[in-house]
Amino acid sequence: MGSLQLNSLIKQFGKNTDGRIAVNGISLEVTQGEMVGIIGKSGAGKSTLLRMINRLVEPTSGSISFDGTDVTSLKGKALKKWRSECAMIFQQFHLIDRLDVLTNVLTGTLGRRYNILNLLKIFPKEEKINALKALHKLDLLGKALQRVETLSGGEQQRVAIARALMQKPKILLADEPISSLDPKNSKIVMDDIKKINNEEGITVICNLHSLEVAKQYSKRLIGLSEGKIVFDGPPENLTQELSQELYDLENE
Amino acid sequence: MNNILENYSKNYSEQIKKRRFWNIFIVLGLFVAILISSSIIDLNMTRITSGIPRLGDYIAKILPNLDTNLLFANSQIEGSVPYWYFNFKKYIVLLYETFNMAVLSTLFGFVFALLLSFFSARNITPNVLSFFFVKRFLEFLRGVPEIIFAILFVWALGVGPLAGIIAMTIHTTGALGKLFSEVHENAELKSCEAIRSAGGGWVPEMRYGVLPQVLPNIISYALLRFEINIRASTVIGFVGAGGIGQELYLVINFNYYEEVSAIILLIILTVITIDITSGALRQRIIKGTHD
Ligand SMILES: Nc1ncnc2c1ncn2[C@@H]1O[C@H](COP(=O)(O)OP(=O)(O)OP(=O)(O)O)[C@@H](O)[C@H]1O
Ligand SMILES: [Mg+2]
């Protein structure tokens, strides 16, 4: 139930043979409710991997399947449904800065359905209640009517999480969610992600720049280097040597 | 390392040389073009010097004979302002018609241009084919001067403001469509990506990912176009497309000299008033994006 499988996934940017291979044959399985941390140097292929799962990036070859359904071949409505079920949050939040928090959260429902009213910023009452509940869960209810651009970075990322929750996702893909935040806000955001994982059983796959944070929040780490998996297991199994290789950028 | 630097600076100075060559070439070319074109249109000094006094004669003729002692006398007395503006009510009605022509054509043109601009912006167009065709279509719409469309529609629909509104709507759609798609091409597409990642299609992406951030610029351009359309709607009246321009054409042809100046003064005042208000509004909108 709820198992995500990647089979020899490859992504090559550029057509010629010497084009850069960002993800080079990744196979792995993630079961429902896991919280997986993906670690690796800049350019290792972490973002590309997450984007392929959501189908923002088309794999060059290989396949993704969820509960036996082939995700890589989905088109049209089915593709939108899949994207809606695997929500993404981004390093730079990717919110609509000029609109209020509540409307931003409600855009999370546009993948399930939309009509002319939704395009005029009119949403069904129960969706609005759901959005307010999501904001309450993230302790942002007081900010609901404020413009997003007036919020702090940490608050913005939590708005993005609330928007993701509106998608009623089975999977949450987080691409370096705390890289542009200070330590205090980083902790709040990571705690929120962990809470969602615990309470709602949503699978979380999270790219992280900091090994410390990765160890603290996930029982399973996946180490990437040059597009390949070089480690997959609990943080205790990570050797000093390997973690240095995965993170030499940080020590520089 | 030194080698690279040397190479680089050599390339750089070569590039500058090349650019300088082109600049001189272009200036020379322009000069030659001016010489050729002025000989074609028979631009010579004697024609201009003999023409200017005639212009002065005409201006002297259309100026009203105002008597400073009788300025505010009633409209029966020659030399008074009411006498000069005996047709004031008619002018106001016609000016209002011209104003409405500009408002409606700007509004319709705005809507069409906005809808089309999402297809003709390279970074957000749903597919290459629609990008190509909509872009060409907009080029055609703004390539043909509105006066040509006005003549066509006056011929097809008869004299009156409807022809003018349609003609200006067409031109406005083309002009704004190009500007809007350029605004879109500078848009930040992060929120678009977020909406796509949530399963939102192209329409929600445009509505929520692009529109909110481009809106201030777009409204500012539309106001600018409105200012242009106010002027255009008076000129377009000359070919029978309604409004004050049509009346101005009439009084010029019938040599009702004082009425010519009366109408021109009203038009100038209207244009200045609208330019100032709309300019102030645009300033506020642009400032508003920073706070
Ligand atoms: N759209 C693209 N076009 C071309 N090359 C790309 C594109 N996106 C990513 N790449 C390349 O693919 C490789 C992997 O990039 P990716 O963004 O997945 O790395 P990452 O592990 O997320 O790095 P970071 O920690 O810096 O975010 C890099 O070499 C990058 O230059
Ligand atoms: Mg990345």
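How far apart do the C-alpha centres of domain 1 of chain B and domain 2 of chain B lie? The legends below start with that view. The model is predicted.

**View 1. The two domains of chain B.** The C-alpha centres of domain 1 of chain B and domain 2 of chain B lie 31 Å apart. In the domain assignment of chain B, domain 1 covers residues 2–62. Domain 2 covers residues 87–288.

**View 2. Chain B meets chain A.** Here 16 residues of chain B are in contact with 22 residues of chain A. Two helices of chain B, α8 (190–197) and α9 (202–236), each supply at least two residues of the side that touches chain A. The largest share of that side comes from α8(B), with 7 residues. Sort the residues of this side of chain B by type: 6 are nonpolar, 6 are polar and 4 are charged.

**View 3. The shell around ligand 1.** Chain A supplies the residues seen here, among them F13(A), R20(A) and A22(A). The shell also includes the run G43(A), A44(A), G45(A), K46(A), S47(A) and T48(A). Which helix gives the most to the shell around ligand 1? Helix α1 of chain A (residues 46–54) does, with 3 residues. By type, the shell divides into 3 nonpolar, 6 polar and 2 charged residues.

**View 4. An open sheet in chain A.** Four strands of chain A line up in the order β2-β1-β4-β5. Their pairing is antiparallel. Which strands form the edges? They are β2 (21–30) and β5 of chain A, and each pairs on one side only. Helix α1(A) packs on the sheet and touches β1, β2 and β4 of chain A. The direction of α1(A) makes about 60 degrees with that of β2(A).

**View 5. Strand β4(A) and its partners.** Strand β1 (residues 4–12) of chain A pairs with strand β4 (residues 61–66) of chain A over 5 bridges, in the antiparallel sense. Find Q5(A): its bridge partner in β4(A) is S65(A). S65(A) also has a bridge partner in β5(A), namely D70(A).

View 6. Strand β5 of chain A spans residues 69–70. It runs antiparallel to β4(A), and 2 bridges join them. In one of these pairs, F66(A) has T69(A) as its partner in β5(A). How many residues lie between the strands of this hairpin? There are 2. D67(A) in the hairpin takes a positive phi near 50 degrees.

How values were computed:
Residues numbered from 1 in each chain as written. Chains lettered and ligands numbered in written order. Predicted model: local features only at pLDDT ≥ 70, side-chain atom pairs only at ≥ 80, totals over all residues. Contact = placed C-beta atoms within 7 Å. Nonpolar A, V, L, I, M, F, W, Y, C, P; charged D, E, K, R; others polar. Near = placed C-beta within 6 Å. Pairing = 2+ DSSP bridges. Domains from an automatic or database assignment. Axes fitted to C-alpha atoms, helices over the stretch in contact; angles between N-to-C directions.
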